[in-house]
2 protein chains.
Amino acid sequence: MVRGDGSGAGGVDPQQLWLNSDRPRKGRKPAFSRTAITAAAVALADAEGIDAVTMRRVASQVGAGVMSLYSYAPDKETLLQLMVDHVSGELSPPDPLTGDWRADLKAIAHAQRALMLRHPWLPAALFNRRWSLGPNTLAFLEHALAALRPTALDGGAKLEVFSLITGFAARLVADEIAQAALSASPGQAAAEARYLAAVAADGHHPELAEALSAPVRPLTPDATFARLLDRMVDGLDAGS
Amino acid sequence: MVRGDGSGAGGVDPQQLWLNSDRPRKGRKPAFSRTAITAAAVALADAEGIDAVTMRRVASQVGAGVMSLYSYAPDKETLLQLMVDHVSGELSPPDPLTGDWRADLKAIAHAQRALMLRHPWLPAALFNRRWSLGPNTLAFLEHALAALRPTALDGGAKLEVFSLITGFAARLVADEIAQAALSASPGQAAAEARYLAAVAADGHHPELAEALSAPVRPLTPDATFARLLDRMVDGLDAGS
DNA sequence: CGCTAATCTCGTACCACGTACGAGAATAGT
DNA sequence: ACTATTCTCGTACGTGGTACGAGATTAGCG
C-alpha cells in the first residue's frame, strides 16, 4: 500500500504517503486501515505516553500481526507523522473567522493549546526532524492563512507566523505539562524545590533568588497563556 | 559517583546530580570524567545526529567499557540532560548588559540561536519531559533575569519570558535546519515541491496556493530571525 | 474457468539498544 | 595487612525496529 520505493534516503515521498487513496485493482484486500492503526497508536500515546507506542503494542491493539503494520506505514517514523496529522483533524472545523485577524490568531492558538493538552506527546512530536504536511494539517494551515489575509504580510511571512504561533503553544503547553507532572509527584517537587533553594542560597544567583522569593502567583496556566499570547500577537501587529 | 538512589520513580534528585563534586574519600579513582563522557556524547550528536548517541558508541569514543558510563550518569536520559547543560556552557560569558532590556533580550536570543545551529539536536532536546537546570543553564538564566531587571515584571513573568524566548529560538532554528536539510537533498526537495504544487492545484487550498505562488523571498534565515524577534520583543514591551 | 501477477498477512529471525548483575581491581582509612 | 568503599567492565537479558519470505487472497486475462 505504501511499502513502495521511498525515493532514496531519509524520507518518504509525500505524494506517495498522503494522496494515493485509490484502491489498487489487484491483490488481497486490506484487513485493516491506516486510520484504525493510527487511531490505535494515538490512543496508546494518550494513555501511556509516547514510549508505549511500539509496533508490537499497536499491532496487538488493532488485532494485527506486527509486520502487517508495514503495509500501511513504511516505518515507525512515518507512523508518528500519521499520528500528528490524525490528531490535527480535531482542529476541524475551526471557529469561523471574524475578520479581526488578531482575535482569529488568538483563537487558533487556543485551539492548538487545547489539542496539545489532550495529546501531551504532541509538542515534542512537532520537533521531529522528519515532518510532513498531511491533509488535516494542511486544512488548518489553510485556515490560519485565511485568518492572516487582512494583514499585509506576504506568503512567506504568513507561514512564519503560523510556525511561530504553533511553537509558542507547544512551548507553553510543554511547560504546563511539566509543571503538572512535577506537582503530581510530591517527592520530585520537593527535591526540585530543595535544589533551587540551595542554588538561590549560594550567593551566585541573586536574580534567581529574588525571582523565587516572590510569592507564588495564583495564576492559572490558562491566564498565563492568554496573557503571553496577547503580548505576542500584539507584537506581531507592529510590522507591515 | 551518581549511581545512588534516584529518589524513587521517574527522575534523579537534582542535588545528587549537579552539586556533589566533592571527591569521595575511599575507593578506586575514576578513570574518566563526567565532562569527558558528556563532551564525547555531544561530539557524536553534532557529527552524526542524536540517534548516534548510544551508550556503546559513547563508551567506545571515550575508551571506556559500556557499563562504566553508569558510574557517571544513572541512565541515558540523564546523559542527555548533561549534554544540554554542557553545551549551554558555550553561552558563557554572555555579552555584557547594556541596560536596554529589549536589546539585551535580543542578544540573548541570538546567542541561543547560534548555539542551536552549532548543535542541531538541541531544539528537540529542550522538549524532553525530563529536564533539569544544570549550572550552565542556571548561569545563563541568571543572566537573562538580570537583563529583565529594568522591566516591572515579577519573578514568575520573567521566567516565562525566558522560556518563551528559548522556545522561539528553538522553533525558528528547527525550521531553519529542516529547510537546510531539504535543500541539501535535491530529490527530497523536488518531491516536497511537487506535493505542495499538487495540493495548491486541487482548489481546496486557495490561500496556500497564493502563498506559494508569490516569488520566493531572498531573505536569509538571519534576517527572518531578527525580524520576528524584533516583533516579539516589542510585543512583550506592551505589558506592565 | 484456470492462470498469473499483484497485494496483503504475519511467523521467524536478526541485530542494536539500554541496562541489571556481579566478579574483579584499585584506593584510603584503620 | 585488613576492610570498606568505589570504580571497571564482561556477560547476559529483555525489548525494540524491521528484513525476509512463504502462504493467502484477489482481479484481470485468456
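**Entry 1: terms and model.** I note first that helices and strands here are DSSP runs, a helix having at least four residues and a strand at least two, numbered from the N terminus. I am working with a predicted model. With those terms I looked up residues 54–73 of chain A: the span is 40% helix and 0% strand, and its end C-alpha atoms lie 13 Å apart. I found that UniProt, in an unreviewed entry, places the feature "DNA-binding region" at these residues, 54–73 of chain A.

**Entry 2: the annotated domain.** I then turned to residues 31–91 of chain A, where the unreviewed UniProt entry places "domain: HTH tetR-type". I recorded 59% helix and 0% strand for this span, with its end C-alpha atoms 29 Å apart.

**Entry 3: chain A as a whole.** I counted 11 helices and 0 strands in chain A. From the N terminus on, I read its elements as α-α-α-α-α-α-α-α-α-α-α. The C-alpha trace of chain A spans about 70 × 50 × 30 Å along its principal axes. Of its 240 residues, 37% count as buried. I also looked at contacts in chain A between residues at least 6 apart in sequence, and 67% of them join residues at least 24 apart.

**Entry 4: confidence.** I noted an average pLDDT of 91 for chain A, with 94% of the residues scoring at least 70. Over residues 4–9 of chain A, however, the pLDDT is below 50; this stretch has 8 contacts in the model beyond near neighbours in sequence.

Entry 5: Is A:L105 buried or exposed? I recorded A:L105 as buried, because 22 other C-beta atoms lie within 10 Å and the cut-off for buried is 20 or more. Leaving out residues up to four places away in sequence, A:L105 touches A:A147, A:I165 and A:V233. I also checked A:L105 against A:I177: the two are 72 residues apart in sequence and 23 Å apart in space, C-alpha to C-alpha.

**Entry 6: α5 of chain B.** I tested the length of helix α5 (residues 101–118) of chain B. At 1.5 Å a residue, its 18 residues should span 26 Å, and the end C-alpha atoms are 26 Å apart, so the two agree. I listed the buried residues of α5(B) as B:W101, B:D104, B:L105, B:K106, B:I108, B:A109, B:Q112, B:R113 and B:M116.

**Entry 7: cis peptide bonds.** Most peptide bonds are trans. I found a cis bond joining A:S92 and A:P93, with omega about -5°. A:P93 is in the loop between α4 (76–88) and α5 of chain A. In chain B, a cis peptide bond joins B:S92 and B:P93, with omega about -5°, and B:P93 is in the loop between α4 (76–88) and α5 of chain B.

**Entry 8: where the chains touch.** I recorded 59 residues from chain B and 59 residues from chain A in the contact. Elements giving two or more residues to the chain B side include α6 (122–125), α7 (135–147) and α8 (155–184) of chain B. Which helix gives the most to that side? I found it to be α8(B), with 13 residues. By class, the chain B side has 27 nonpolar, 16 polar and 16 charged residues.

**Entry 9: DNA strand D.** I found 25 residues surrounding DNA strand D. The closest are B:G27, B:R28, B:A31, B:G65 and B:M67. I sorted the residues of the surface near DNA strand D into 10 nonpolar, 6 polar and 9 charged.

Note on methods:
Residues are numbered from 1 along each chain as its sequence is written. Chains are lettered from A and ligands numbered from 1 in the order in which they are written. This is a predicted model: local features need pLDDT of at least 70, side-chain atom pairs count only at pLDDT 80 or more; totals for chains, interfaces and linings use all residues. The expected span of a helix is 1.5 Å times one less than its number of residues. A residue is buried if 20 or more other C-beta atoms lie within 10 Å of its own, exposed if 12 or fewer, and partly exposed in between; C-beta atoms are placed from the backbone. pLDDT is the predictor's confidence in each residue, from 0 to 100. Two residues are in contact if their C-beta atoms, placed from the backbone, lie within 7 Å. UniProt positions are given in the numbering used here, feature names are shortened, and annotations may be inferred rather than shown by experiment. A residue is near a molecule or strand if its C-beta atom, placed from the backbone, lies within 6 Å of it. Ala, Val, Leu, Ile, Met, Phe, Trp, Tyr, Cys and Pro count as nonpolar, Asp, Glu, Lys and Arg as charged, and the others, Gly among them, as polar.
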